[in-house]
Amino acid sequence: MREGNQSYVTEFILLGFSNLREFQVILFMTFLGIYLVALVGNSLLVLVSMVDPSLQTPMYFFLRSLSLMDIGYTTVVNPKMLINLLSKDKSISFGGCAAQMYFAFLFGPSECWILTTMAYDRQAAICDPLRYSLIMNRRRCLHLALASWLAGIPVATVKTTLMFTLTFCGPNVINHFFCDSPPVLDLVCTDTFALEVYSVTGTVIVLMLPFGLIIVSYIRILVTILKMSSAEGRRKAFSTCSSHLLVVSLFFGAAGSTYFRVKSTYSPETKKLLSLSYTVFTPMLNPLIYSLRNQEVKCALKRILGKKISS
């Protein structure tokens, strides 16, 4: 592998959590449980928001997209990680590694933009309630959701293509639980300056631009709330934003810490923990946050479950 170009590299080795050998079964059961909760929770949220008439609003339309993205994102990472925890063969093919990275970068930016869209929706609802139905009409909602879904395609295509046309001359061991950009880039034996510049630029566009727009939306929301004369009105306005703010903090905080510095001073174990937070834990927490902190979703669940039990 040290002699030529990447065509000699037919597979990579994902170390994952090999350093915790005595805890492999415990980790498998833990991550399997988290994965199942993420799948069931997000699927249930999609189903409830589609079926219940009271949830046919722009906010829940975008929430369905977020849940579908979470299902996709966590499914890109979790199955292979779970297999590697119990298997002695921790290899992943060159093409499989490229595919995993592609879909991770497809769903990641899309989730950034759907969270931005949700912030814009809350801004319209709180700052301009009389024109809300006009601003967030069905056509605009469809366009915003579609734009969010498509946002990840150019990022994933360019990043993965650039990465996997570089030369890998060994070793082929990835000290991570999935084919993420920073640990794979560590294996490249040619000059990576151009890709690092692109990565930083891409991070600014993919993470900081939507995060900046979210901040702008919430500044406008905060100004509007502070102008409200009713304490009850302020409380309701804050409550409609609290779940979204929590999800934004979890996702952007961990993702930004991981990607803003391509070759950071973080240890590999720290990088794994940061990656776990937005690839494994956040997809599980999102439906819990939006259901446990949202009275409308809880009431909708009760109505649907009540109908099922009575029938």
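This is a predicted model: local features need pLDDT of at least 70, side-chain atom pairs count only at pLDDT 80 or more; totals for chains, interfaces and linings use all residues.

How many disulfides does the structure hold? The count is 1. Its partners are Cys97 and Cys179, with an S to S distance of 2.1 Å. That pair links distant parts of the chain, 82 residues apart. Cys97 is in helix α3, residues 94-127. Cys179 is in the loop between β3 (173-174) and α7 (181-185).

Why is this disulfide called left-handed? Because the torsion about the S-S bond of Cys97 and Cys179 is about -120°.

Are the two partners buried or exposed? Cys97 has a relative accessible area of 0%, so Cys97 is buried. Cys179 is also at 0%, and therefore buried.

Now Cys112. Cys112 is in no disulfide. The nearest cysteine sulfur belongs to Cys241, 19 Å away. Cys112 is buried, with a relative accessible area of 2%.

Next, Cys141. Its closest cysteine sulfur is in Cys241, at 16 Å. That is too far for a bond, because a disulfide needs the sulfur atoms within 2.5 Å. Cys141 has 6% relative accessibility, so it counts as buried.

Last topic, the surface. Which residues make the nonpolar patch? Val200, Val204, Ile205, Met208, Leu209 and Leu213. The patch covers about 470 Å². Take Val200, one of its members. Val200 is in helix α8, residues 193-226.

Note on methods: Residues are numbered from 1 along each chain as its sequence is written. Side-chain values use heavy atoms; hydrogens and water are left out. Patches are made of residues with over 30% relative accessible area and no salt bridge: like charges are joined within 9 Å, nonpolar side chains (Val, Leu, Ile, Met, Phe, Trp, Tyr) within 5 Å. Accessible areas come from the Shrake-Rupley method with a 1.4 Å probe; for residues, only the protein chains shown count as cover. A salt bridge is a side-chain nitrogen of Lys or Arg within 4 Å of a carboxyl oxygen of Asp or Glu. Helices (H or I, at least four residues) and strands (E, at least two) are DSSP runs, numbered from the N terminus. Buried means under 20% relative accessible area, exposed over 50%, partly exposed in between (1.4 Å probe, protein chains only).
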